[in-house]
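Let us read a structure together, one feature at a time. Look it over first, then ask away.

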Amino acid sequence: MATSKLQALWNHPAGPKTIHFWAPTFKWGISIANIADFAKPPENLSYPQQIAVTCTGVIWSRYSMVITPKNWNLFSVNVAMMGTGAYQLARKIKHDFASEAEPVVAKD
């Protein structure tokens with residue numbers, strides 16, 4: 001049974017014998033790099049970069065669901081890109097706009 005599932009994956013139109021498998025697989029590197037940047041201070045994040053990562057995730061997630069055959073590897077990597085990009089944008093916006101409005105407390 002396991003061999004038939006592996007053979008089905010191998011022969012799938014978006015399987016390991018095609019670019020439709022390898023392009024999204026290597027794209028995981030972008031999401032992994034963005035996850036590594038979670039430790040970065042928010043002031044070092046870039047709005048244009050994170051907007052691009054988020055929008056790419058949204059657009060290509062939608063595209064991966066309308067093409068035939070369905071490419072679940074492409075869908076999952078783009079959902080991850082959208083999530084990590086949105087999280088980084090939220091961190092940057094919170095740092096830039098919410099932290100400036102903190103009141104100064106006078107010491108007695």
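## Reading a helical chain

A: Start with the packing: helix 2 (19-36) and helix 4 (72-98) are what the buried residues of helix 3 pack against. Packing here rests on contact, meaning heavy atoms within 4.5 Å. This is a predicted model, where local features need pLDDT of at least 70, side-chain atom pairs count only at pLDDT 80 or more, and totals for chains, interfaces and linings use all residues. Residues are numbered from 1 along each chain as its sequence is written, and side-chain values use heavy atoms, leaving out hydrogens and water.

Q: How many helices and strands does the chain have?

A: Helices (H or I, at least four residues) and strands (E, at least two) are DSSP runs, numbered from the N terminus. This chain has four helices and zero strands. Read from the N terminus, its elements run α-α-α-α. The radius of gyration is 20 Å, well over the 13 Å that the globule rule gives for 108 residues, so the chain is more spread out than a compact globule. That radius is taken over C-alpha atoms, and the rule is 2.2 Å times the number of residues to the power 0.38. Along the principal axes, the C-alpha atoms fill a box of roughly 75 × 25 × 20 Å.

Q: How do I read the length of helix 3?

A: Compare its span with the expected one, which is 1.5 Å times one less than its number of residues. Helix 3 covers residues 47-66, 20 residues in total. From first C-alpha to last it reaches 29 Å, close to the expected 28 Å. Helix 4 has 27 residues and reaches 37 Å, close to the 39 Å expected.

Q: Which residues of helix 3 are buried?

A: Buried means under 20% relative accessible area, exposed over 50%, and partly exposed in between (1.4 Å probe, protein chains only). In helix 3, the buried residues are Gln50, Val53, Thr54, Gly57, Ser61 and Ser64. Seen down the axis of helix 3, they fall within an arc of 110°, so they line one face of the helix. The arc is that of the directions from the helix axis to the C-beta atoms. The face turned away from the buried side of helix 3 carries the exposed residues Pro48, Ile59 and Arg62. Isoleucine 59 has a relative accessible area of 54%.

Q: What does glutamine 50 touch?

A: Glutamine 50 sits in helix 3. It counts as buried because its relative accessibility is 2%. Leaving aside residues up to four places away in sequence, glutamine 50 touches Asn34, Thr84, Gly85, Gln88 and Leu89. Its side chain also joins that of asparagine 34 in a polar contact of 3.2 Å. A polar contact is a pair of N or O atoms within 3.5 Å; within protein, one must be able to donate a hydrogen and the other to accept it, and residues adjacent in sequence count only if both atoms are side-chain atoms.

Q: What happens at the N-terminal end of helix 3?

A: Look for a cap. Serine 46 provides one: a side-chain oxygen lies 3.3 Å from the backbone nitrogen of glutamine 49. At the start of helix 4, a side-chain oxygen of asparagine 71 comes within 3.3 Å of the backbone nitrogen of asparagine 73.

Q: Where does helix 4 pack?

A: Its buried residues pack against helix 2 and helix 3. Among those buried residues are Leu74, Val77, Met81 and Asp96. Valine 77 counts as buried because its relative accessibility is 0%. Setting aside residues up to four places away in sequence, valine 77 touches Pro24, Lys27, Trp28 and Ser31. Aspartate 96, also found in helix 4, counts as buried at 18% relative accessibility. A polar contact of 3.1 Å joins its side chain and that of histidine 95.

Q: Which peptide bond in the chain is cis?

A: Most peptide bonds are trans. Here a cis peptide bond joins threonine 68 and proline 69, with omega about 0°. Proline 69 is in the loop between helix 3 and helix 4.
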